[in-house]
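Let's take a walk through this one, from the annotated regions to what packs inside.

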Amino acid sequence: MLPIVAYTDKLSVAAGETLSVMASSFGAREYRADLRRIIQGDTNPEGPGYKDERIDLDLGGARKAVEKRFFPGSCVIVPAQRVLSGLSDFTIAAVVRPTLVDERERSIISLPGFARIGIDGEHFVAEAHGHRLEVKQPVNTGAWHVVSLSFSTETGSLTFAVSKDNEAASEDVKPLVQTAKVAGLRCDAKEVVIAASRGSDGRPAQFFDGKIDRPAIFGAEISHDALRRLLADFSQLARMRSLLAAWDFSVKMTTQTICDISPYQLHGRIHNAPARAMTGWLWKGQDLDWKKRPDLYSAIHFHSTDFYDAGWDVDFTVSLPDDLKSGVYAVRLVPDGDEEAAYYCVFALRPPRGKPSRNTVAFLFPTCSYLAYANHRLAMDVPGTEIGMGRVVELDRHHMFLQSNPGIGFSVYETHDDESGVFHSSRLRPIVDLQPKVKSFLGGFGSNVWQFNADTHILGWLDAIDQDYDVITDEDVHEEGMRLLGQYNVVITGTHPEYYTRNMIEALQGFTDRGGRLMYLGGNGFYWVVSFNEDMPGIMECRRSEAGIRPWEPGHGQFYHAFTGEYGGLWRRNGRPPNHLCGVGMTSQGFDICEPYYLAPAAKDPRVSFIFDGVSADAKIGDFGLAGGGAAGLEVDRADQSQGTPDHALVLASSTRHTDIYLMTPEDLLDPTPDWSGTQADIIRADLTFFETAGGGAVFSTGSIAWAGSMAWNSYDNEIARMTSNVLRRFNDPERFSIPEHKDS
Amino acid sequence: MSRYQLDQSDLQFAREFLADPVGYHSPGLQRVLNRMRGADWACKYVLVTQERHGRWLLGKMPRKRGSEIEIVEGVVYTDLLDAERDIFRRRWQDLTGNDLNLALQNAA
Ligand SMILES: [Fe+2]
């Protein structure tokens with residue numbers, strides 16, 4: 001499988017800066033590291049051949065490969081100072097909605113060493129100093145429950161009560177109560193852990209899957225009925241004299257901080273990025289936006305599979321030489337002398353900060369889209385993926401590793417074990433599919449490469465035509481916007497730049513509006529809203545609401561991102577349709593075979609004659625390629641003025657049929673009838689599109705992921721590569737483009 | 001569970017598939033493939049790559065995430081289209097109880 005696996009602290013770094021490498025052995029005894037410039041990562045024998053370049057930089061000799069592990073599972077940790085020390089009369093309470101029960105022991109709230117409320121197997125349980133109470137009825141997943149454990153020294157009664165909210169609101173809630181006589185209790189807990197407890201190794205353990213709302217601790221016994229009323233009203237609760245802590249998760253939701261509303265201010269922090277801004281106990285559909293009624297979004301959804309920062313010890317750091325040119329590089333780790341088993345930690349060496357490089361062409365390394373797909377398990381977890389692929393599933397070595405190590409954390413294509421969607425993907429962990437050489441599920445018959453490795457077809461072409469270029473990443477554009485993009489004449493995208501933050505989409509639009517030239521060499525681009533979090537570097541949120549091809553929905557009332565409050569889902573529904581930026585928008589997908597484009601009359605327009613320089617006058621182009629055998633396919637976009645394609649845009653060529661695996665996207669499939677498929681519906685096509693912008697810029701869009709697989713055909717010597725080079729040459733010429741006065745017919 | 005069940009009338013589509021496993025298919029063959037490639041974990045065959053673009057073992061995907069992928073002993077493919085045909089035959093056997101080659105001979 002993968003004897004060594006690693007990650008770096010950054011995906012974008014400048015010359016002169018340092019990069020930390022964190023590696024773990026999964027069988028390797030030792031390893032050696034070197035630095036490689038990645039040029040072409042596809043190993044298909046029909047392709048141009050794998051190519052990288054060793055950089056002469058000493059990264060040290062043999063190092064011992066140390067075994068490190070993944071510790072997924074989210075929770076809240078609250079240092080208790082001395083507030084809980086000596087507590088004897090008490091009540092611990094929370095409102096919970098479990099979403100998964102199995103044979104595991106799970107904690108809802110624990111005061112390690114003293115007491116806990118949890119779920120063991122299928123039953124609610126509570127423990128205090130070795131006394132254990134269990135509710136006999138099995139847990140109902142999906143229902144809200146109030147759980148409380150209280151003790152009175154005077155009566156010697158330890159009472160555990162659980163009341164389930166009835167779906168039919170008119171019914172009275174009847175708590176299930178268990179009691180025990182106990183001589184006396186005294187709390188010595190130094191912390192409170194919510195949604196987990198402490199394991200014997202000192203790490204959080206007994207993770208809970210489900211929602212928790214308003215956990216609270218009191219220094220007195222409180223009856224369950226009184227508690228239900230109190231918990232429903234935070235303002236009353238905060239004035240309770242016996243209150244020691246009550247956590248309102250709706251405060252500071254965009255951060256890692258957890259706020260106590262009691263005067264003791266026992267604030268805490270989340271661990272492993274559970275989902276915040278989730279509908280709470282009192283949400284009944286009153287509002288759908290947490291920004292308007294944050295009080296209703298007082299729940300956190302925890303998962304035993306949440307994962308943010310692997311937190312591995314640093315193996316070594318690399319100082320990147322000042323004279324190293326911008327590009328895509330990898331720290332390569334060769335375990336036990338076996339080059340075949342090497343692990344590649346891929347990163348972008350961006351241009352120097354704050355001073356322009358001399359390059360006028362930038363490749364935009366789509367880290368958001370790589371993160372969205374990071375460690376994705378589509379054809380492994382989702383059986384129907386094979387139908388969409390139209391061919392058998394191939395598992396590469398990194399897939400076998402993912403199957404053995406689900407703790408590595410998921411992509412936003414997966415669901416958690418409770419079948420709720422994965423909202424977050426982090427780069428602070430190994431991303432085993434962000435490597436050269438790897439094959440994928442969705443890359444079509446042929447090379448079957450996806451995202452990063454498919455994008456190396458573009459890097460290989462830039463190398464083949466001897467083009468100087470900088471590599472900039474999504475995160476760089478998100479941070480620096482036009483200050484960074486403004487250095488370039490041309491920005492070239494990857495094959496599938498699907499995930500965009502608002503900063504990124506506005507920066508790129510500002511770039512073309514101001515005369516920049518965009519070469520969108522992909523499909524299904526600029527499609528989903530994603531957000532970063534200022535309090536949690538390296539993690540990205542994605543909630544796909546309402547439309548688009550989605551592996552899951554975020555749940556009713558939960559369509560707004562927690563990180564930023566942005567409405568999740570399609571950019572097209574958020575006033576930024578991709579058609580504005582690139583002239584086309586997603587129309588269909590299929591992962592079996594791809595098609596040629598056929599030239600349209602607009603290809604004869606003098607405005608685009610530069611594109612066809614030296615290209616034969618054949619009506620058919622791109623009837624070859626490493627991705628499914630054609631230039632148009634996998635995911636395809638159409639020009640559509642009703643979605644915002646500029647009136648003067650020229651559709652130069654289109655694919656004219658696809659297999660019946662290609663179906664309509666849900667956002668355009670308002671009434672599903674059986675004719676919306678690749679052999680029947682004209683709307684299912686890739687449109688090769690060009691237009692000029694008012695600021696003297698221009699946009700060239702392939703509307704197809706497979707385009708780059710055709711560029712790499714015949715060692716980059718073909719009409720698709722030639723057209724792309726023609727576009728690049730003209731786009732890199734500062735001479736202004738101008739919008740024609742009247743649209744040519 | 002899929003509603004569509006394979007029977008004798010699908011033999012024509014089996015023939016169509018064996019002639020051309022990847023690409024354009026008739027609606028009838030597509031329906032057969034949807035049955036074979038959908039959410040039926042009993043016949044969730046996958047290829048386990050030994051050499052990229054050269055050599056594959058046959059595996060069976062388990063339903064539970066993180067469980068071991070079972071390797072079917074003694075099966076090695078060196079060509080993806082051969083693998084497609086072999087997996088189709090195995091699924092035909094799994095779903096109809098009949099050997100596809102025999103069924104095709106008998107129908108001829
Ligand atoms: Fe995608």
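Helices (H or I, at least four residues) and strands (E, at least two) are DSSP runs, numbered from the N terminus.

This is a predicted model, where local features need pLDDT of at least 70, side-chain atom pairs count only at pLDDT 80 or more, and totals for chains, interfaces and linings use all residues. Residues are numbered from 1 along each chain as its sequence is written, chains are lettered from A and ligands numbered from 1 in the order written, and side-chain values use heavy atoms, leaving out hydrogens and water.

Now for the packing. A nonpolar core is a set of buried (under 20% relative accessible area, 1.4 Å probe, protein chains only) Ala, Val, Leu, Ile, Met, Phe, Trp, Tyr and Cys residues joined through side-chain atoms within 4.5 Å. The largest has 167 residues, and V331(A) and I492(A) have the most contacts inside it. Strand β27 of chain A, residues 343-350, is the top contributor with 7 residues. Domain 1 (4-70 + 310-337) and domain 3 (362-731) of chain A both supply residues, so this core lies between them; the domain bounds come from an automatic or database assignment. Apart from this core lies another, of 58 residues, including F114(A) and W247(A).

Methods: Buried < 20%, exposed > 50% of the residue type's maximum accessible area, 1.4 Å probe, protein only.
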